[in-house]
Amino acid sequence: LPPAEAEALVRALQGCELRDIGGQGWLRQHEYVEKLNMHGILSVSAGQEQLLTELLVTHAKIPVLIGELISVEIWKHKIFPVLCRLQDFKPRSTFPIYLVLHHEASIINLLETVFFHKEICESAEDSVLDLIDYCHRKLTLLAAGSTKAPAAVPVPPQELQKQAEVMEFEISLKALSVLRFITDQVDSLPLSALTRMLNTHNLPCLLVELVEHCPWSCWEAGKLRKFENGTWHVVPPEDQVKMTKLDGQVWLALLNLLLSPECQRKYRFDGFNKSQLLKLRAFLTDVLIDQLPNLGEMQRFLSYLAVTEPAPPKKEFILEQVPVIWDHILKKNSGKWEAIAKHQVKHAFSPTEEELNLQAHRWAQTYSLDMMEALAWAVSTLAPDKPRCRVCGAEAAKRCSRCRNEWYCTRACQIQHWQKHKPACNLMA
């Protein structure tokens, strides 16, 4: 997108009422988010995401996106099931409902793209508490395997329900990445955010569950399959011990939460938590540590933890902030779920043939062939088997000698990117 158009789209982002989801105004908002999402992917592939980051910070739109993310999540849990049970709900097309389901995936993907930057995390302000709660809900479902399980009660649009289940799994994986980026900033997060991650939700133990059960890998017919880059694929025997990006996200989040002095001071290392954390020692093999050398520091920490009894955190009287978006939406719409569903059936999800054609035309323009080709190229540049320069996207033959994680085509590109790459490099090297 040209800078002026990107700024116009960011300026136009705004929250919508739960009742208005699926309506014309909401569809425009979804179109804006989708265009920014695609722009973000293309910008990252070219190493030019700074403009989008600055726009979102300058116009204070991260809290707006988080509010919309939670609003659609509540819609999926409260309105969608009621909608599917309505006897008079026989849509000509399920596409308008699919757009609502897809909206959550678009927002979390956009947040994953930009939350790598410290200024984005800081611009979330109080809403970062709501985002932490959101990520906790998704990771809890992921650890429990609920994101893969079929619905207990079949609903009329079977294909739509199946799509929703697949999307829920991928959304949960995106939430894992967002959470890891939040933990990267533990030193600058509000005290309430740290307390919420460590004690309210006990995220270290939840991450241990993910290490143990690894929902993105499974054995099928004697072959190991892993979920990477949006698809399940069979892993050849020589790559079975190779750490995936998702594995790395979990371990980096654990490193951030367990080795930070402030986190160690606030976390309760009681009997249960200690026993759960010590399970990690079985996974910290030499092969794994060779791939992420910082895990050697965690191995030493766990060995120390096994033979000591850390002092309990000091009881401090502090006033803590609490997340408000989820509770505000629930209280505002409590007891109105069926009424909202009937209103949306009549005004949003039963379009005429002319309205469907108009929507199809608009989305055909958004997802033009040129745009899809550009996105496919961008994704290919980010794929691990085709190294591309982190700055310009050209084929890369040089690699960061410290962390072995970033690729560059020339020394000049590496120098240009160093200030952005330095914090992550110091962590992984």
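# Briefing: helices, hairpins and cores

The face of helix 1 turned away from its buried side carries two exposed residues, Ala4 and Arg11. This is a predicted model. Its largest nonpolar core has 115 residues, and a second, separate core has 5.

**Helix 1**

- Helix 1 spans residues 3–12, and its buried residues include Ala6, Leu9 and Val10.
- These residues lie on the same side of helix 1, because the arc they cover around the axis is only 100 degrees.
- An α-helix has 3.6 residues a turn, so positions three or four places apart point the same way.
- The packing partners of the buried residues of helix 1 are helix 2 (24–45) and helix 3 (50–58).

**Thr53 in helix 3**

- Helix 3 contains Thr53.
- Thr53 has a relative accessible area of 0% and is therefore buried, the cut-off for buried being under 20%.
- Apart from neighbours within four places in sequence, the contacts of Thr53 are His117, Glu119 and Ile120.

**Nonpolar cores**

- Within the largest nonpolar core, of 115 residues, Trp75, Phe115 and Trp251 have the most contacts.
- Helix 4 (residues 62–85) gives the largest share of this core, 13 residues.
- This core lies between domain 1 (1–124 + 322–384) and domain 2 (143–153 + 183–320), because both give residues to it.
- The second, separate core has 5 residues, among them Cys389, Val391, Ala396 and Tyr408.
- Not counting residues up to four places away in sequence, Trp251 touches Val211, Met243, Leu280, Phe283, Leu284, Leu288, Leu292, Leu295 and Met298.

**Aromatic pairs**

- The count of aromatic pairs comes to 8.
- One of them is the stacked pair of Trp75 and Phe80, with 5.6 Å centre to centre and 20 degrees between the planes.
- Trp75 counts as buried at 0% relative accessibility, and Phe80 counts as buried at 6%.
- Tyr267 and Phe269 form an edge-to-face pair, because their planes stand at 90 degrees, with ring centres 5.0 Å apart.
- Both Tyr267 and Phe269 are buried.
- Trp75, Phe80 and Phe349 are linked into a cluster by ring pairs.

**Helix 9**

- Helix 9 (residues 191–200) is largely enclosed by the rest of the structure, because 8 of its 10 residues are buried.
- The buried residues of helix 9 are Ser192, Ala193, Leu194, Thr195, Arg196, Met197, Leu198 and Asn199.
- Asn202, which follows helix 9, has a positive phi near 50 degrees.

**Gln321**

- Gln321 sits in the loop between helix 15 (295–306) and helix 16 (325–333).
- Its relative accessibility is 34%, so Gln321 counts as partly exposed.
- Gln321 is in contact with Asp126, Leu129, Pro190 and Ser192, leaving aside neighbours within four places in sequence.
- Ser192 is also one of the buried residues of helix 9.
- The C-alpha atoms of Gln321 and Arg196 are 9.7 Å apart in space, while the two residues are 125 apart in sequence.

- Strand 1 (residues 217–220) and strand 2 (residues 223–228) run antiparallel and are joined by 4 bridges.
- Opposite Trp219 stands Leu224 in strand 2.
- Strands 1 and 2 form a hairpin with 2 residues between them, and Ala221 in the turn has a positive phi of about 55 degrees.
- Strand 2 also pairs with strand 3 (residues 231–234), in the antiparallel sense and over 4 bridges.
- Lys226 has His233 in strand 3 as its bridge partner.
- Strands 2 and 3 form a hairpin with 2 residues between them, and Asn229 in the turn has a positive phi of about 50 degrees.
- In a regular strand, side chains alternate between the two faces of the sheet.

Definitions and conventions
Residues numbered from 1 in each chain as written. Predicted model: local features only at pLDDT ≥ 70, side-chain atom pairs only at ≥ 80, totals over all residues. Heavy atoms only, no water. Buried < 20%, exposed > 50% of the residue type's maximum accessible area, 1.4 Å probe, protein only. Contact = heavy atoms within 4.5 Å. Arc of directions from axis to C-beta. Pairing = 2+ DSSP bridges. Core = buried A, V, L, I, M, F, W, Y, C linked by side-chain atoms within 4.5 Å. Domains from an automatic or database assignment. Phe/Tyr/Trp six-rings, centres within 6.5 Å; stacked < 30°, edge-to-face > 60°.
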